[in-house]
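Let's take a walk through a protein together. Have a look at the picture first, and then we'll go through it piece by piece.

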Amino acid sequence: MKKIIVIGGGAAGMMAALAAAENKNNRVMLLEKNEKLGKKLFITGKGRCNVTNGADMDTLFANVCTNEKFLYSAFYQYDNQAVMSFLEKAGCPLKVERGERVFPVSDHSSDVIGALQRELKKAGVEICLNTKVTELLTSGAGEAGSAEESSVITGVKLTGGKVLEADAVIVCTGGLSYPSTGSTGDGHRFAEVTGHKIVECKPALVPLETAEEWCRDLMGLSLKNVSLRMISGKKEVYSGFGEMLFTHFGVSGPLVLSASSFYAKQKGDDIKLYLDLKPALSEEQLDKRLLRDFEENKNKQFKNSLGGLFPARLIPVMIQLSGIHPDKKVNEITREGRRAFVSLIKNLPFTVTGTRSFAEAIITQGGVSVKDVNPSTMESKKVRGLYFAGEVLDLDAMTGGFNLQIAWSTGHLAGASAGTFDKETKKRIEHEL
Ligand SMILES: Cc1cc2nc3c(=O)[nH]c(=O)nc-3n(C[C@H](O)[C@H](O)[C@H](O)COP(=O)(O)OP(=O)(O)OC[C@H]3O[C@@H](n4cnc5c(N)ncnc54)[C@H](O)[C@@H]3O)c2cc1C
């Protein structure tokens, strides 16, 4: 019998345990430091859990921000269709919404967790809650702490010093985001002391802080159907269309969260956002519209002529930024003044000064370097019998169900690989010991 330990009862860990337990000769233990499984899963998709995305494979890869090529085997061996079919068979019917986002029909993430728990029980996985791993145990050519290759996993140590022996260990401890759910970077520490490189971690899919005071003045204002560009130096690094929100520190909302995944990758600090408040109109079309509005309101003051163009709270900000006196009659505004105002509406600039912290980040960018992990099996290249899956790895994607797909796919591949640990490998390891 082969003993497999999975550390972390999140999406990746539960899937890894299930895949490892498919081989009935394995004894699989799932260790979770929290008092229950799937604490992060419970809050995903605002409590509805966007379990995956129903798009084709090209779209799945296109939505991965970091190391998409590493995911080739993982995505193909357990794709979004496999996830959907597994959940439906496990008693959690699904529905597809806008943008191919897949949710449980019930709109309750607890039903996804419930389905996984039932399957874990059926598969005979031993679930140990309130069980925190503090150390990985290795032996062989490279002792723990050395960067030498070909050491072998032998087990884990728990809080209090208890040792659990294992033939394979799968680390599914998550990243650093929303640490209150249990993902506090333990897996990064385990990986580092066993000789793996950790790519610097940054918060991603996270609100952005801005320099401009007027952003804070607009706190609570949500804008729909706008487009946003991010310029780093002179290069456009992101552009998107949708919804955003002003907050007491800067900006948030779906468009901004997406932009933040590209912010984290920029090296310089000259990073600006440009908001197009009227993306459906070209500058010429907008200029004609403004001219028509001004002609219809000839004797109105500038401050009273913009009601049809912007939400009321935005008007004083736009007036202030335009440099046009609010009391000026619209028929006194010069062509150049109007043109400059059009340009402001199409390119409202603000400066990004940083991101909010990991506590508010949906995902962690960075983690265990994929260069130290075999993409066909998720096994470490440094420690034999040690596997990584999920957000602990240097992998991240856009919103839309893609991050959970990474967790399911890498979890399944790690579990299946660890679970089919063949006799030959076992013999080789024994020989090396
Ligand atoms: C608010 C929010 C909403 C999100 N919504 C979505 C969404 O709708 N769709 C989507 O695709 N993605 C979403 N994500 C991202 C997604 O939740 C993560 O990518 C995914 O949960 C990562 O799974 P994981 O198993 O790798 O890590 P986690 O879910 O973080 O699980 C790691 C587990 O390991 C345990 N653990 C850690 N250290 C130890 C230790 N030493 N010993 C024992 N156990 C340990 C932790 O307690 C935790 O339970 C969301 C994220 C957040 C924060």
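This is a predicted model: local features need pLDDT of at least 70, side-chain atom pairs count only at pLDDT 80 or more; totals for chains, interfaces and linings use all residues.

The chain is assigned two domains: domain 1 covers 2-203 + 364-432, and domain 2 covers 207-356.

Now over to the ligand. There are 39 residues around the ligand, and the ones that come nearest are Gly8, Gly10, Gly174, Gly182 and Gly390. Helix H1 (11-20), helix H2 (39-43) and helix H13 (402-419) each give two or more residues to this shell. By type, the shell holds 15 nonpolar, 17 polar and seven charged residues.

Finally, check out two backbone angles. Aspartate 107 isn't a glycine, yet its phi is positive, near 65 degrees. You'll find aspartate 107 in the loop between strand S6 (101-104) and helix H6 (109-122). Aspartate 107 counts as partly exposed because 13 other C-beta atoms lie within 10 Å.

Leucine 205 also has a positive phi, about 50 degrees, although it is not a glycine. Leucine 205 sits in the loop between strand S12 (198-204) and strand S13 (208-210). Is leucine 205 buried or exposed? Leucine 205 counts as buried, because it has 26 C-beta neighbours inside 10 Å and the cut-off for buried is 20 or more.

Conventions. Residues are numbered from 1 along each chain as its sequence is written. Domain bounds come from an automatic or database domain assignment. A residue is near a molecule or strand if its C-beta atom, placed from the backbone, lies within 6 Å of it. Helices (H or I, at least four residues) and strands (E, at least two) are DSSP runs, numbered from the N terminus. Ala, Val, Leu, Ile, Met, Phe, Trp, Tyr, Cys and Pro count as nonpolar, Asp, Glu, Lys and Arg as charged, and the others, Gly among them, as polar. A residue is buried if 20 or more other C-beta atoms lie within 10 Å of its own, exposed if 12 or fewer, and partly exposed in between; C-beta atoms are placed from the backbone.
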